[in-house]
Amino acid sequence: QLEPAYIEMFPNPNNGVFVIEGTTELYTIEILDNTAAVVETVTGGNKITIDIADLPNGIYFVRIKNKNNEEIQLQQMIKMN
């Protein structure tokens with residue numbers, strides 16, 4: 001059973017800068033491109049600003065993992081100018 005992750009991401013779509021808010025201090029957050037390669041990893045805080053403006057437009061995925069490295073949430077994020 002997946003544990004609850006009370007996490008919001010906005011705006012979506014965005015221009016490469018977006019905010020992740022919620023109970024993120026318990027989790028590792030990975031940003032993946034459309035080939036599932038991790039392009040950024042962040043941890044900690046109740047409000048995290050992600051900046052992938054230097055990456056190409058397209059669909060990205062935000063993967064949230066718990067302390068056991070288990071995926072508990074996967075959300076699509078669209079970057080466009």
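Buried means under 20% relative accessible area, exposed over 50%, and partly exposed in between (1.4 Å probe, protein chains only). The model is predicted: local features need pLDDT of at least 70, side-chain atom pairs count only at pLDDT 80 or more, and totals for chains, interfaces and linings use all residues. Residues are numbered from 1 along each chain as its sequence is written, and side-chain values use heavy atoms, with hydrogens and water left out.

**View 1. Salt bridges of E30.** A salt bridge puts a side-chain nitrogen of Lys or Arg within 4 Å of a carboxyl oxygen of Asp or Glu. E30 is buried at 10% relative accessible area. E30 meets R63 at 2.6 Å, N to O. R63 is also buried, at 17%. K65 bridges to E30 as well, with the closest N and O atoms 3.6 Å apart. K65 lies in strand β6 and E30 in strand β3, 35 residues apart; strands are DSSP runs (E, at least two residues), numbered from the N terminus. Shared partners join E30, R63 and K65 into one network.

**View 2. Surroundings of K65.** K65 is buried, at 11% relative accessible area. Leaving aside neighbours within four places in sequence, K65 is in contact (heavy atoms within 4.5 Å) with Y27, T28, E30, E70 and E71.

**View 3. The E21–K47 salt bridge.** The closest N and O atoms of E21 and K47 are 3.9 Å apart. The pair links strand β2 to strand β5, 26 residues apart. E21 is partly exposed at 26%, whereas K47 is exposed at 55%.

Technical notes:
Helix = DSSP H or I, 4+ residues; strand = E, 2+ residues; numbered from the N terminus.
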